[in-house]
Amino acid sequence: MLHGKRVLLIISGGIAAYKSLELIRIMKKTGLTVRCILTKGGAEFVTPLAVSSLSENKVYKDLFSLTDEAEMGHIRLSRETDLIVIAPASADLLAKMAQGIADDLASTTLLATNKPVMAVPAMNVRMWENAATQENLNTLHKRGIKIIGPDEGDMACGEFGPGRMVEPEEISAEIIKYFGDNSPLAGKKALVTSGPTQEPIDPVRFISNRSSGKQGHAIAAALARQGAITKLVSGPTNQPDPAGVEVEHIETAQEMLNACQAALPVDIAVCAAAVSDWHINEEAKTKIKKTNDTPPTLRMATNPDILATLSSAGKNRPTLVIGFAAETDNIVANAKNKRDKKGCDWLLANDVSAESGTFGGSKNTIHFINDSGIEDWPEMTKKEVAETLSEKIIRCFNEK
Ligand code: CTP
(Lines give C-alpha, C1' and ligand atoms only; values in the text may rest on other atoms or scores of the structure.)
Protein backbone atom coordinates (compact mmCIF):
# COMPACT_ATOMS: atom_id res chain seq x y z
CA MET A 1 0.00 0.00 0.00
CA LEU A 2 2.80 2.42 0.88
CA HIS A 3 5.54 1.09 -1.43
CA GLY A 4 8.18 3.72 -2.12
CA LYS A 5 7.45 5.71 1.07
CA ARG A 6 10.11 5.94 3.79
CA VAL A 7 9.80 6.30 7.55
CA LEU A 8 12.62 7.03 10.00
CA LEU A 9 11.57 5.55 13.36
CA ILE A 10 13.28 6.90 16.47
CA ILE A 11 12.98 4.56 19.45
CA SER A 12 13.80 6.32 22.69
CA GLY A 13 14.03 4.94 26.23
CA GLY A 14 10.90 3.51 27.82
CA ILE A 15 9.31 0.15 28.46
CA ALA A 16 6.89 0.88 25.56
CA ALA A 17 9.88 0.37 23.22
CA TYR A 18 8.89 -3.31 23.06
CA LYS A 19 5.72 -2.23 21.21
CA SER A 20 7.88 -0.46 18.61
CA LEU A 21 9.05 -3.86 17.37
CA GLU A 22 5.43 -4.66 16.48
CA LEU A 23 5.10 -1.20 14.92
CA ILE A 24 8.09 -1.95 12.65
CA ARG A 25 6.49 -5.25 11.61
CA ILE A 26 3.18 -3.56 10.76
CA MET A 27 4.89 -0.72 8.88
CA LYS A 28 6.87 -3.23 6.81
CA LYS A 29 3.62 -5.05 5.94
CA THR A 30 2.22 -1.84 4.45
CA GLY A 31 5.23 -1.69 2.10
CA LEU A 32 7.06 1.15 3.90
CA THR A 33 10.85 1.33 3.93
CA VAL A 34 11.81 1.66 7.59
CA ARG A 35 15.10 2.94 9.01
CA CYS A 36 15.57 3.14 12.77
CA ILE A 37 17.54 5.22 15.24
CA LEU A 38 17.85 3.61 18.65
CA THR A 39 18.76 5.97 21.51
CA LYS A 40 20.97 4.81 24.40
CA GLY A 41 17.81 4.57 26.56
CA GLY A 42 15.93 2.71 23.81
CA ALA A 43 18.75 0.15 23.56
CA GLU A 44 18.19 -0.70 27.24
CA PHE A 45 14.74 -2.07 26.32
CA VAL A 46 15.10 -3.55 22.81
CA THR A 47 18.18 -4.93 21.10
CA PRO A 48 19.67 -3.46 17.91
CA LEU A 49 19.54 -6.98 16.43
CA ALA A 50 15.74 -7.23 16.90
CA VAL A 51 15.24 -3.77 15.40
CA SER A 52 17.48 -4.40 12.42
CA SER A 53 16.03 -7.89 11.76
CA LEU A 54 12.47 -6.56 11.70
CA SER A 55 13.24 -3.38 9.75
CA GLU A 56 15.56 -5.30 7.37
CA ASN A 57 17.91 -2.35 7.65
CA LYS A 58 20.94 -1.24 9.62
CA VAL A 59 20.17 0.38 13.00
CA TYR A 60 21.73 3.79 13.71
CA LYS A 61 22.77 4.56 17.29
CA ASP A 62 25.88 6.67 17.49
CA LEU A 63 26.33 10.31 16.45
CA PHE A 64 30.11 10.03 16.52
CA SER A 65 30.44 6.66 14.78
CA LEU A 66 33.09 7.11 12.13
CA THR A 67 31.65 4.45 9.84
CA ASP A 68 27.97 5.49 10.26
CA GLU A 69 28.76 9.16 9.76
CA ALA A 70 30.75 8.37 6.61
CA GLU A 71 28.08 6.00 5.18
CA MET A 72 24.90 7.66 6.42
CA GLY A 73 25.25 10.86 8.47
CA HIS A 74 22.48 12.38 10.56
CA ILE A 75 21.72 14.83 7.74
CA ARG A 76 21.23 11.99 5.23
CA LEU A 77 19.08 10.04 7.70
CA SER A 78 16.71 12.99 7.82
CA ARG A 79 17.00 13.84 4.12
CA GLU A 80 16.31 10.29 2.95
CA THR A 81 12.97 9.90 4.65
CA ASP A 82 9.43 11.13 4.07
CA LEU A 83 8.31 11.09 7.71
CA ILE A 84 9.95 10.82 11.13
CA VAL A 85 8.05 8.88 13.80
CA ILE A 86 9.27 8.93 17.42
CA ALA A 87 7.78 5.93 19.27
CA PRO A 88 8.10 5.84 22.16
CA ALA A 89 8.88 9.53 22.64
CA SER A 90 10.30 9.83 26.16
CA ALA A 91 9.83 12.96 28.32
CA ASP A 92 13.57 13.49 27.98
CA LEU A 93 13.62 13.41 24.16
CA LEU A 94 10.56 15.69 23.96
CA ALA A 95 12.32 18.15 26.30
CA LYS A 96 15.46 18.10 24.17
CA MET A 97 13.41 18.74 21.03
CA ALA A 98 11.56 21.64 22.63
CA GLN A 99 14.85 23.20 23.75
CA GLY A 100 16.80 22.47 20.57
CA ILE A 101 19.36 20.31 22.34
CA ALA A 102 21.44 18.11 20.04
CA ASP A 103 23.61 15.79 22.11
CA ASP A 104 23.00 12.40 20.51
CA LEU A 105 22.06 11.01 17.09
CA ALA A 106 18.26 11.16 17.67
CA SER A 107 18.14 14.75 18.99
CA THR A 108 20.66 15.97 16.39
CA THR A 109 18.66 14.41 13.54
CA LEU A 110 15.46 15.99 14.92
CA LEU A 111 17.14 19.42 15.11
CA ALA A 112 18.52 19.06 11.60
CA THR A 113 15.36 17.84 9.89
CA ASN A 114 12.86 19.69 7.76
CA LYS A 115 10.62 16.62 7.43
CA PRO A 116 7.24 16.14 9.18
CA VAL A 117 7.53 14.58 12.64
CA MET A 118 5.01 12.48 14.58
CA ALA A 119 5.76 11.96 18.28
CA VAL A 120 4.09 9.16 20.25
CA PRO A 121 4.73 9.92 23.93
CA ALA A 122 5.04 7.19 26.55
CA MET A 123 5.90 7.91 30.18
CA ASN A 124 4.75 7.65 33.76
CA VAL A 125 1.55 9.61 34.50
CA ARG A 126 3.34 12.05 36.87
CA MET A 127 5.99 12.81 34.24
CA TRP A 128 3.21 13.32 31.68
CA GLU A 129 1.29 15.69 33.98
CA ASN A 130 4.38 17.64 35.01
CA ALA A 131 4.16 21.28 33.87
CA ALA A 132 7.57 21.01 32.18
CA THR A 133 6.38 18.15 29.95
CA GLN A 134 3.09 19.88 29.17
CA GLU A 135 4.89 23.13 28.23
CA ASN A 136 7.32 21.22 26.04
CA LEU A 137 4.42 19.48 24.29
CA ASN A 138 2.70 22.78 23.77
CA THR A 139 5.83 24.23 22.18
CA LEU A 140 6.25 21.20 19.91
CA HIS A 141 2.57 21.26 18.92
CA LYS A 142 2.88 24.95 17.95
CA ARG A 143 5.89 24.07 15.79
CA GLY A 144 3.78 21.56 13.83
CA ILE A 145 4.91 18.32 15.48
CA LYS A 146 1.97 15.89 15.49
CA ILE A 147 1.48 14.36 18.93
CA ILE A 148 -0.32 10.99 18.97
CA GLY A 149 -1.77 9.89 22.33
CA PRO A 150 -0.96 8.97 24.97
CA ASP A 151 -3.59 6.45 26.05
CA GLU A 152 -4.90 6.15 29.58
CA GLY A 153 -4.65 2.91 31.55
CA ASP A 154 -2.61 0.69 33.83
CA MET A 155 1.10 1.41 33.55
CA ALA A 156 4.15 -0.81 33.87
CA CYS A 157 5.07 1.21 37.00
CA GLY A 158 1.79 0.16 38.68
CA GLU A 159 0.10 3.58 38.41
CA PHE A 160 -2.99 4.45 36.37
CA GLY A 161 -3.62 7.44 34.10
CA PRO A 162 -2.53 9.02 30.82
CA GLY A 163 0.97 8.16 29.65
CA ARG A 164 0.66 4.76 27.93
CA MET A 165 1.92 4.65 24.35
CA VAL A 166 -0.95 4.16 21.88
CA GLU A 167 -1.09 0.73 20.26
CA PRO A 168 1.06 0.03 17.15
CA GLU A 169 -2.06 -0.50 14.96
CA GLU A 170 -3.28 2.99 15.82
CA ILE A 171 0.13 4.54 15.11
CA SER A 172 0.28 2.76 11.78
CA ALA A 173 -3.27 3.97 10.94
CA GLU A 174 -2.04 7.55 11.51
CA ILE A 175 0.93 6.90 9.24
CA ILE A 176 -1.32 5.43 6.52
CA LYS A 177 -3.65 8.44 6.88
CA TYR A 178 -0.70 10.80 6.52
CA PHE A 179 0.60 9.11 3.36
CA GLY A 180 -2.85 8.13 2.09
CA ASP A 181 -3.77 11.78 1.71
CA ASN A 182 -0.98 12.13 -0.85
CA SER A 183 -1.72 8.91 -2.75
CA PRO A 184 -3.14 9.26 -6.27
CA LEU A 185 -6.43 7.50 -5.38
CA ALA A 186 -6.73 8.89 -1.83
CA GLY A 187 -10.37 9.40 -0.88
CA LYS A 188 -11.63 7.19 -3.74
CA LYS A 189 -13.65 4.05 -2.98
CA ALA A 190 -13.10 0.94 -5.09
CA LEU A 191 -15.06 -2.30 -5.33
CA VAL A 192 -13.50 -5.39 -6.95
CA THR A 193 -15.02 -8.82 -7.60
CA SER A 194 -12.72 -11.83 -7.94
CA GLY A 195 -12.61 -15.60 -8.21
CA PRO A 196 -15.33 -18.05 -9.23
CA THR A 197 -18.74 -18.44 -7.68
CA GLN A 198 -20.01 -21.81 -6.47
CA GLU A 199 -23.65 -22.69 -7.09
CA PRO A 200 -24.84 -25.55 -4.89
CA ILE A 201 -26.56 -28.62 -6.34
CA ASP A 202 -27.07 -30.22 -2.93
CA PRO A 203 -25.23 -29.91 0.41
CA VAL A 204 -22.09 -31.62 -0.98
CA ARG A 205 -21.99 -30.75 -4.70
CA PHE A 206 -21.75 -27.51 -6.65
CA ILE A 207 -21.09 -26.12 -10.13
CA SER A 208 -18.24 -23.68 -10.54
CA ASN A 209 -15.35 -22.82 -12.87
CA ARG A 210 -11.54 -22.75 -13.00
CA SER A 211 -11.02 -19.08 -12.04
CA SER A 212 -8.08 -18.70 -9.61
CA GLY A 213 -8.86 -15.15 -8.45
CA LYS A 214 -5.26 -14.10 -9.23
CA GLN A 215 -6.26 -11.21 -11.52
CA GLY A 216 -9.03 -9.77 -9.33
CA HIS A 217 -6.94 -10.02 -6.15
CA ALA A 218 -3.98 -8.33 -7.89
CA ILE A 219 -6.26 -5.47 -8.99
CA ALA A 220 -7.64 -4.96 -5.47
CA ALA A 221 -4.08 -4.92 -4.08
CA ALA A 222 -2.91 -2.42 -6.74
CA LEU A 223 -5.83 -0.04 -6.10
CA ALA A 224 -5.25 -0.18 -2.33
CA ARG A 225 -1.55 0.54 -2.88
CA GLN A 226 -2.57 3.69 -4.78
CA GLY A 227 -4.59 4.84 -1.76
CA ALA A 228 -8.15 3.76 -2.71
CA ILE A 229 -10.36 2.44 0.09
CA THR A 230 -10.82 -0.96 -1.47
CA LYS A 231 -13.40 -3.67 -0.90
CA LEU A 232 -12.89 -7.07 -2.50
CA VAL A 233 -15.83 -9.44 -2.86
CA SER A 234 -14.37 -12.84 -3.57
CA GLY A 235 -15.61 -16.31 -4.36
CA PRO A 236 -13.67 -19.31 -2.99
CA THR A 237 -9.98 -19.11 -4.04
CA ASN A 238 -6.57 -20.05 -2.69
CA GLN A 239 -5.38 -16.43 -2.84
CA PRO A 240 -4.43 -14.74 0.45
CA ASP A 241 -6.42 -11.61 1.37
CA PRO A 242 -4.46 -8.63 -0.04
CA ALA A 243 -2.94 -6.24 2.53
CA GLY A 244 -4.97 -3.12 3.26
CA VAL A 245 -8.10 -4.45 1.53
CA GLU A 246 -11.45 -5.24 3.17
CA VAL A 247 -12.40 -8.69 1.92
CA GLU A 248 -15.87 -10.26 1.95
CA HIS A 249 -15.90 -13.96 1.14
CA ILE A 250 -19.01 -15.26 -0.61
CA GLU A 251 -19.97 -18.41 -2.51
CA THR A 252 -22.89 -17.79 -4.88
CA ALA A 253 -23.54 -15.14 -7.55
CA GLN A 254 -26.54 -13.87 -5.58
CA GLU A 255 -24.33 -13.42 -2.49
CA MET A 256 -21.73 -11.61 -4.62
CA LEU A 257 -24.41 -9.26 -5.96
CA ASN A 258 -25.77 -8.57 -2.45
CA ALA A 259 -22.26 -7.79 -1.14
CA CYS A 260 -21.56 -5.47 -4.10
CA GLN A 261 -24.83 -3.60 -3.75
CA ALA A 262 -24.22 -3.13 -0.02
CA ALA A 263 -20.80 -1.61 -0.83
CA LEU A 264 -22.29 1.17 -3.02
CA PRO A 265 -21.71 4.04 -3.55
CA VAL A 266 -18.16 3.61 -4.86
CA ASP A 267 -16.09 5.55 -7.40
CA ILE A 268 -14.56 2.55 -9.15
CA ALA A 269 -15.99 -0.93 -9.73
CA VAL A 270 -13.91 -3.67 -11.33
CA CYS A 271 -15.74 -6.93 -12.04
CA ALA A 272 -13.01 -9.52 -12.49
CA ALA A 273 -14.95 -12.46 -11.04
CA ALA A 274 -15.90 -15.43 -13.18
CA VAL A 275 -19.51 -15.48 -12.07
CA SER A 276 -21.48 -18.64 -12.80
CA ASP A 277 -24.11 -17.78 -15.36
CA TRP A 278 -26.64 -20.18 -13.83
CA HIS A 279 -27.64 -21.68 -10.54
CA ILE A 280 -29.57 -24.87 -9.86
CA ASN A 281 -33.25 -24.07 -9.83
CA GLU A 282 -34.08 -25.88 -6.65
CA GLU A 283 -31.04 -26.78 -4.58
CA ALA A 284 -31.63 -30.16 -2.93
CA LYS A 285 -31.68 -29.81 0.84
CA THR A 286 -30.30 -33.33 1.30
CA LYS A 287 -27.68 -35.23 -0.71
CA ILE A 288 -29.11 -36.51 -4.00
CA LYS A 289 -28.90 -40.33 -3.89
CA LYS A 290 -28.32 -42.79 -6.72
CA THR A 291 -31.79 -44.27 -6.35
CA ASN A 292 -31.89 -46.00 -9.74
CA ASP A 293 -29.91 -46.01 -12.97
CA THR A 294 -31.32 -42.70 -14.25
CA PRO A 295 -29.03 -39.77 -13.48
CA PRO A 296 -30.81 -36.68 -12.13
CA THR A 297 -31.77 -33.84 -14.46
CA LEU A 298 -30.54 -30.47 -13.20
CA ARG A 299 -32.85 -27.59 -13.97
CA MET A 300 -31.03 -24.29 -13.99
CA ALA A 301 -32.06 -20.65 -13.63
CA THR A 302 -30.12 -17.57 -14.74
CA ASN A 303 -27.97 -15.72 -12.21
CA PRO A 304 -28.07 -11.94 -11.83
CA ASP A 305 -25.45 -10.11 -13.89
CA ILE A 306 -23.39 -8.11 -11.39
CA LEU A 307 -21.49 -6.03 -13.96
CA ALA A 308 -24.71 -5.08 -15.79
CA THR A 309 -26.46 -4.31 -12.49
CA LEU A 310 -23.65 -1.99 -11.34
CA SER A 311 -23.52 -0.33 -14.78
CA SER A 312 -27.21 0.57 -14.58
CA ALA A 313 -27.36 1.45 -10.88
CA GLY A 314 -28.80 4.93 -11.54
CA LYS A 315 -27.57 7.52 -9.04
CA ASN A 316 -25.54 4.77 -7.34
CA ARG A 317 -23.66 3.93 -10.55
CA PRO A 318 -19.90 3.97 -9.90
CA THR A 319 -18.12 6.76 -11.85
CA LEU A 320 -16.00 4.14 -13.62
CA VAL A 321 -17.31 0.61 -14.22
CA ILE A 322 -14.80 -1.90 -15.58
CA GLY A 323 -15.51 -5.45 -16.71
CA PHE A 324 -13.59 -8.38 -18.12
CA ALA A 325 -14.59 -10.59 -21.02
CA ALA A 326 -13.51 -14.19 -20.85
CA GLU A 327 -13.58 -15.44 -24.46
CA THR A 328 -12.32 -18.49 -26.28
CA ASP A 329 -12.99 -17.32 -29.86
CA ASN A 330 -13.74 -14.10 -31.79
CA ILE A 331 -12.30 -12.38 -28.74
CA VAL A 332 -12.50 -8.71 -29.73
CA ALA A 333 -15.86 -8.89 -31.57
CA ASN A 334 -17.50 -10.79 -28.72
CA ALA A 335 -15.98 -8.45 -26.15
CA LYS A 336 -17.25 -5.33 -27.95
CA ASN A 337 -20.77 -6.78 -27.96
CA LYS A 338 -20.42 -7.65 -24.30
CA ARG A 339 -19.40 -4.08 -23.42
CA ASP A 340 -22.43 -2.66 -25.26
CA LYS A 341 -24.79 -5.21 -23.70
CA LYS A 342 -23.55 -4.72 -20.13
CA GLY A 343 -23.11 -0.93 -20.32
CA CYS A 344 -19.70 -0.77 -18.60
CA ASP A 345 -17.14 1.95 -19.40
CA TRP A 346 -14.04 -0.16 -19.96
CA LEU A 347 -13.75 -3.83 -20.85
CA LEU A 348 -10.61 -5.95 -20.65
CA ALA A 349 -10.96 -8.89 -23.01
CA ASN A 350 -8.83 -11.97 -22.56
CA ASP A 351 -8.41 -15.33 -24.21
CA VAL A 352 -9.37 -18.07 -21.77
CA SER A 353 -9.07 -21.00 -24.17
CA ALA A 354 -7.25 -23.99 -22.68
CA GLU A 355 -4.16 -23.28 -24.86
CA SER A 356 -3.83 -19.71 -23.54
CA GLY A 357 -3.24 -20.86 -19.94
CA THR A 358 -4.98 -17.70 -18.66
CA PHE A 359 -7.42 -19.41 -16.28
CA GLY A 360 -5.35 -20.40 -13.26
CA GLY A 361 -2.09 -19.13 -14.84
CA SER A 362 -0.11 -16.06 -13.87
CA LYS A 363 -0.05 -14.31 -17.27
CA ASN A 364 -2.67 -12.51 -19.30
CA THR A 365 -2.90 -10.86 -22.73
CA ILE A 366 -5.45 -8.06 -22.71
CA HIS A 367 -7.37 -6.23 -25.41
CA PHE A 368 -8.50 -3.03 -23.71
CA ILE A 369 -11.78 -1.61 -25.05
CA ASN A 370 -13.31 1.78 -24.26
CA ASP A 371 -15.12 4.59 -26.12
CA SER A 372 -11.89 5.56 -27.89
CA GLY A 373 -11.31 2.12 -29.42
CA ILE A 374 -9.10 -0.88 -28.71
CA GLU A 375 -5.59 -1.14 -27.29
CA ASP A 376 -3.75 -4.45 -27.57
CA TRP A 377 -1.58 -4.84 -24.47
CA PRO A 378 1.45 -7.14 -24.68
CA GLU A 379 1.49 -10.33 -22.63
CA MET A 380 2.02 -9.40 -18.98
CA THR A 381 1.84 -11.02 -15.57
CA LYS A 382 -1.52 -10.55 -13.87
CA LYS A 383 0.24 -8.25 -11.38
CA GLU A 384 1.50 -6.09 -14.27
CA VAL A 385 -2.01 -6.00 -15.77
CA ALA A 386 -3.27 -4.80 -12.37
CA GLU A 387 -0.60 -2.07 -12.20
CA THR A 388 -1.27 -0.95 -15.79
CA LEU A 389 -5.01 -0.80 -15.13
CA SER A 390 -4.62 1.16 -11.90
CA GLU A 391 -2.31 3.68 -13.66
CA LYS A 392 -5.03 4.11 -16.30
CA ILE A 393 -7.65 4.60 -13.59
CA ILE A 394 -5.47 7.29 -11.93
CA ARG A 395 -5.08 9.10 -15.27
CA CYS A 396 -8.83 8.91 -15.88
CA PHE A 397 -9.63 10.53 -12.51
CA ASN A 398 -6.90 13.16 -13.00
CA GLU A 399 -8.52 14.16 -16.31
CA LYS A 400 -12.03 14.40 -14.86
N1 CTP B 1 -20.26 -10.94 -14.91
C2 CTP B 1 -21.03 -10.57 -13.82
N3 CTP B 1 -22.11 -11.31 -13.47
C4 CTP B 1 -22.45 -12.39 -14.17
C5 CTP B 1 -21.68 -12.80 -15.29
C6 CTP B 1 -20.59 -12.04 -15.62
O7 CTP B 1 -20.69 -9.56 -13.19
N8 CTP B 1 -23.52 -13.10 -13.79
C9 CTP B 1 -19.16 -10.08 -15.30
C10 CTP B 1 -17.79 -10.70 -15.17
O11 CTP B 1 -17.23 -10.43 -13.89
C12 CTP B 1 -17.03 -9.99 -16.27
C13 CTP B 1 -18.07 -9.75 -17.34
O14 CTP B 1 -19.32 -9.80 -16.67
O15 CTP B 1 -16.56 -8.73 -15.86
C16 CTP B 1 -18.09 -10.73 -18.46
O17 CTP B 1 -18.08 -12.05 -17.98
P18 CTP B 1 -17.97 -13.27 -18.98
O19 CTP B 1 -17.93 -14.53 -18.18
O20 CTP B 1 -16.89 -13.00 -19.97
O21 CTP B 1 -19.30 -13.15 -19.79
P22 CTP B 1 -20.75 -13.60 -19.55
O23 CTP B 1 -21.57 -12.41 -19.19
O24 CTP B 1 -20.80 -14.72 -18.57
O25 CTP B 1 -21.20 -14.06 -20.98
P26 CTP B 1 -20.77 -15.41 -21.80
O27 CTP B 1 -20.63 -16.50 -20.76
O28 CTP B 1 -21.89 -15.60 -22.72
O29 CTP B 1 -19.48 -15.11 -22.50
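These are my notebook entries on what I looked up in this predicted model.

**Ground rules**

I number residues from 1 along each chain as its sequence is written. Because the model is predicted, local features need pLDDT of at least 70 and side-chain atom pairs count only at pLDDT 80 or more, whereas totals for chains, interfaces and linings use all residues; side-chain values use heavy atoms, with hydrogens and water left out.

**Entry 1: domains**

I began with the domain assignment, which gives domain 1 (6-178) and domain 2 (185-399); such bounds come from an automatic or database domain assignment. I then looked up the separation of the two, and the C-alpha centres of domain 1 and domain 2 lie 44 Å apart.

**Entry 2: the open sheet**

For helices (H or I, at least four residues) and strands (E, at least two) I use DSSP runs, numbered from the N terminus. I found six strands in an open sheet with parallel pairing, in the order β3-β2-β1-β4-β5-β6, where two strands pair if DSSP finds at least two bridges between them. The edge strands are β3 (59-60) and β6 (146-147), each of which pairs on one side only.

Strand β2 (residues 33-38) is joined to β3 by two bridges, with the strands running parallel, and Cys 36 has Val 59 in β3 as its bridge partner. β1 and β2 also pair in the parallel sense, over six bridges, and here Ile 10 stands opposite Ile 37 in β2. I noted that β1 is largely enclosed by the rest of the structure, because five of its six residues are buried; buried means under 20% relative accessible area, exposed over 50%, and partly exposed in between (1.4 Å probe, protein chains only).

**Entry 3: helices α5 and α6**

I next listed the buried residues of helix α5 (residues 91-99), which are Ala 91, Leu 93, Leu 94, Lys 96, Met 97 and Ala 98. Their cover includes β1 (6-11), β4 (83-89), α6 (105-112), β5 (117-121), α7 (125-129) and α8 (131-142). Just after α5, I saw that Gly 100 takes a positive phi of about 75°.

The lysine in that list made me look again. Lys 96 lies in helix α5 and counts as buried because its relative accessibility is 13%. Not counting residues up to four places away in sequence, Lys 96 touches Ile 101, Asp 103, Asp 104 and Ser 107, contact meaning heavy atoms within 4.5 Å. Ser 107 is itself among the buried residues of α6, a helix that is mostly covered, with six of its eight residues buried.

**Entry 4: Ile 175**

I located Ile 175 in helix α9 (residues 168-180), and it counts as buried because its relative accessibility is 1%. Leaving aside neighbours within four places in sequence, Ile 175 is in contact with Val 7, Met 27, Leu 32, Leu 83, Val 85 and Met 118. I also looked up Gln 226, which is 51 residues from Ile 175 along the chain, and their C-alpha atoms are separated by 15 Å.

A polar atom of the Arg 339 side chain lies 2.9 Å from the backbone oxygen of Asp 345. Beyond its neighbours within four places in sequence, Arg 339 is in contact with Cys 344, Asp 345, Trp 346, Leu 347, Ile 369, Asn 370 and Asp 371.

I then turned to strand β18 (residues 346-351), which is largely enclosed by the rest of the structure because five of its six residues are buried. Six bridges join β18 to strand β17 (residues 320-327), and the two run parallel; Gly 323 stands opposite Leu 347 in β18.

**Entry 5: the ligand**

I counted 14 residues around the ligand, the closest being Cys 271, Ala 273, Asp 277, Lys 338 and Lys 342, where a residue is included if one of its heavy atoms lies within 4 Å. For polar contacts I took pairs of N or O atoms within 3.5 Å; within protein, one must be able to donate a hydrogen and the other to accept it, and residues adjacent in sequence count only if both atoms are side-chain atoms. A ligand oxygen atom is 2.7 Å from a polar backbone atom of Cys 271, while an oxygen atom of the ligand is 2.8 Å from an N or O atom in the side chain of Asp 277. For Lys 342, an N or O atom in the side chain is 2.4 Å from an oxygen atom of the ligand. The protein covers 78% of the 570 Å² of accessible area that the ligand has on its own, with areas from the Shrake-Rupley method with a 1.4 Å probe and, for residues, only the protein chains shown counting as cover.
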